[in-house]
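This report describes selected local features of one protein model. Please look over the sequence and structure before reading on.

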Amino acid sequence: MHSRWILIFFMTVSAVSGLRAFEVPLKDTAIKVDCGSTAMPSCSLAASELRDYLKKISGIELQITKNFDDTKSTIIIGYGEIAAKYGIKADDIPSGGFKIVVRPDIRKVFLLGNDNGNPFYRGAMCNREYDFGSLYAVYELLDRWGCRWYWPGEIGEVIPEIKSLILQDGEQIIVPDFSDRNFCVSPTPPEFWGKQEKWSDKQKSQAETAFREYRLWALRNRAGNTLAYVSRHHYPDWFALWNKKHPEYLGLYRGKRGCDAQPERSKLCTSNPAVAEAVAQLAVDYFQKTPSAVCYSICEQDGSPGFCECPKCTELNGKISPFDKLPSLSDRYALFWNSVGKIVREKCPGKYLGVYVYSRYSAIPETVKKLDPALRLVLCNGCRIDWHIYRYLVDGWGKLTPNPTCFYLTPIPGAYGSNFFSYPWCAHENISKAMKYFKEHNVAGYRAPAYSLDANWIAAAPMHYLYAKASWKANIDTDREMRDFCQMFFKEASEKMADYFKTLEAALKSQFNTAEIERMNAEAETLENQESFSAESVQKLYSPELVRQLRAKLEDALKESQTPIVRERIALFMQNIHFLELDIAASKAYLKWHSNPSGENNLSELTRICRQRAELLSSINPFSGVIDFGMAFQHDRDGRAYNFNFENEKLTFKDSFEKKRLNRWVEYSFFEGISNEKASDGTSSIKLRVSGKGETALRRNIKVIPGKEYKISYDTLLEDSASVLRMRITAGNKTLLNSLTQSPAPDKWVHTEKTFKASPDTDNITIYFIVYGKKTDTKIYLDNVELYRMD
Ligand SMILES: [Zn+2]
């Protein structure tokens, strides 16, 4: 057998005169792990990955040797005695970087970096400095060589055939442009998916494989973060911590400390100095107990209810936020973070405190001009395509902090609509533009939330790959990357697939004309005109004509392709189109059923489509059986909870009036509409004003299953002169429920919950809210109307 040679080109080589080519005889070359006295899991992985991919590329298997033979040609991984003996230094490699040294004189190749940590750590999020330099050096070589990992698993992989290995001598240090490349948030280990005791062995093994493949994908693209700062909603919750001992630490909400209805969403009374001290103490205790940790999250809890309404906190409210048109709480939180930061920095120098710039604290603070150096910010309020929102955040918040900020990446449309699957997406031009901007503006990198990754790689391929690549080199040529992707991945069908991506990107771009949105933002007081991917907007974005075109282009590509793996890849894109069609059909069927619940076949048609959709999801998702896909059909984002569960045809209905419209409520007599004046949580409630006749009402028809038991709940706030709110549910002429709410004190929200049984002979009920007042213009507010079926 002829010995084969492998060729590795170094694109750039540090200034060493007299470059020489070093030909590595594969058959006589060994791989040696040499990373000091402790075994480094990332170095062992580097060695086995190098061996395995060299074999895939060349057919020859190099030996990973235990004994180092000075006279033999060797690739040495890691920094240990051997590298030191040859005078190679590691202390000049910046954190997160790596070094490649080729020494023809001694027939050695050194691949080294700062190695620290386990690449398969099982936390939901790591919280220390991890560094896999030597491993990344291996992947860098494989990448230069033409190995590509466009999505997890073998089907997403491109392996070239190479005949010979030639290395240019010299030394090169490579450092990423972004240190926080946190795709790893997402491939969470199976234990974080919960309910494992209910899993079958098959599900456990599927979930484990998926975890490993996702994590490997991230590592191979060197997207595994260098630094991970824990910034997320603080758990365990404040309520559990302080409700008994220090209720005054909790936000004053609807007249009470803490958030009764959802205790885990309770917020803090941030203007109380004792709260800053108590939170700082939690951080200090944590750092003392966990010395390796670099960061502690002091971020507020998720969700809109519970923000403190005490006079001292309210005094710090800012102008109306461009994000949600409510008073900004950014200054309130920035002051609080600064107080905590100051204490923690003195007691635990060098440690960080993570916070989200999110929710009602997204707008740029007005009075606070500097943030404590201990704070690390994750900018959350962005969206997938219109990166100008990030630019607003990066520019504004970036000026307040000496530290790099990090952006929260939600790259895929559809995340809201379906949670575990996504719509086709391509936006390479915007990725290119955004990453260059971020590089120039002190952005540390990105976090990717679960739904954008565990979802569906195909929908956005190769966008994740581009993000990963651009995070090492912000100015990559994404046009070229797209061309390479099409050529390497789809071979004979590359032109047709390039056409598919071009059509998709152009269609999305025309819908999201960035310049137009920027102009609107400049003029309007809201940044909210970003898309929301409600069912309606999905239908608008993916018009029947576009879906037809995309399908046709994939069919053309399938005709061109002969290679089984190429056909298989295209089929996955086709499946994604199929999902899109089903999703659109489901929302149309939902609307039809919703407007006429008793209409013949309306429910059976909706159920049929939802079932098809769930079956498709179950067939492709590794967590099939763990995730209930039937739950996942949401009609629109503002309704949030028009959930249709196809499994038991169960309707959950919720209206928290977050948007300025009536959501199918009908005015019965005098009615004032949606109000921003008061809301129990969220942003809006319905205001009912007593008319001259002394009463006013609102009604809505809802479809139910005859004979089943239901629960209805709602929040009310009555003005002093309002005597009572009556909630009445009728079916035909029959009254099923009649409930009166009287306010215990004016201006206090009252929560009411009642159960009732649907009439056995009709599936249609009407809910009425009727106000009676002592005088005209008396107001009552209504919020969070929810209806559940009990079984
Ligand atoms: Zn307060």
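Ile31 has Ile64 as its bridge partner in β3. That contact belongs to the pairing of β2 with strand β3 (residues 63-65), a parallel pairing over three bridges. The model is a predicted one.

Strand β2 also pairs with strand β4 (residues 73-77): five bridges join the two, and they run parallel. Within β4, Ile76 stands opposite Lys32. Strand β2 itself (residues 29-33) is mostly covered, with four of its five residues buried.

## The six-stranded sheet

An open sheet is formed by six strands in the order β13-β20-β19-β18-β17-β16, with parallel pairing. Strands β13 (180-182) and β16 stand at its edges; each has a single partner strand, so one side of each lacks a neighbour in the sheet. From one strand to the next, the twist averages 25 degrees.

Inside this order, strand β19 (residues 405-408) and strand β20 (residues 443-447) are joined by four bridges in the parallel sense. Cys406 has Gly445 in β20 as its bridge partner. Helix α8 (residues 330-347) packs on the sheet, where it touches β17 (352-357) and β18 (375-379). The direction of α8 makes about 170 degrees with that of β17.

## The zinc site

Which protein atoms are the donors of the zinc ion? They are the SG atoms of Cys269, Cys308, Cys310 and Cys313, lying 2.3 Å from the ion. The arrangement is tetrahedral because the four donor atoms subtend angles of 104 to 114 degrees around the zinc ion; the tetrahedral class requires all angles to lie between 85 and 135 degrees.

Along the chain, the donors follow the spacing C-x38-C-x1-C-x2-C. Cys269 and Cys308 link distant parts of the chain, being 39 residues apart. Cys269 is in the loop between β15 (256-257) and α6 (273-289), while Cys308 is in the loop between β16 (295-297) and α7 (311-315). Both Cys269 and Cys308 are buried. Cys310 also counts as buried, because its relative accessibility is 6% and the limit for buried is under 20%.

How many disulfides does the structure hold? The count is zero. Cys486, for instance, is in no disulfide: the nearest cysteine sulfur is that of Cys426, 8.5 Å away, whereas a disulfide requires the two sulfur atoms to be within 2.5 Å. Cys486 has a relative accessible area of 4% and is therefore buried.

## Backbone details in loops

The peptide bond that joins Ala461 and Pro462 is cis, with omega about 0 degrees. Pro462 is placed in the loop between α13 (457-460) and α14 (463-470).

Two residues with positive phi are also described here. Arg222 has phi near 50 degrees, a positive value in a residue other than glycine. Its place is in the loop between α4 (201-220) and α5 (238-242). Lys491, likewise not a glycine, has a positive phi of about 40 degrees and lies in the loop between α15 (478-490) and α16 (494-511). Is each of these side chains buried or partly exposed? Arg222 is buried, with a relative accessible area of 6%, and Lys491 is partly exposed, with a relative accessible area of 41%.

How values were computed:
Residues are numbered from 1 along each chain as its sequence is written. This is a predicted model: local features need pLDDT of at least 70, side-chain atom pairs count only at pLDDT 80 or more; totals for chains, interfaces and linings use all residues. Side-chain values use heavy atoms; hydrogens and water are left out. Donors are N, O and S atoms within 2.8 Å of the metal (3.2 Å for Na, K and Ca); water is not among the atoms, so sites may look incomplete. Four donors count as tetrahedral if all angles lie between 85 and 135 degrees; four count as square planar and six as octahedral if opposite donors are over 155 degrees apart and all others between 65 and 115; anything else is irregular. Buried means under 20% relative accessible area, exposed over 50%, partly exposed in between (1.4 Å probe, protein chains only). Two strands pair if DSSP finds at least two bridges between them. Axes are lines fitted to C-alpha atoms, for helices over the stretch in contact, and angles run from 0 to 180 degrees between N-to-C directions. Contact means heavy atoms within 4.5 Å.
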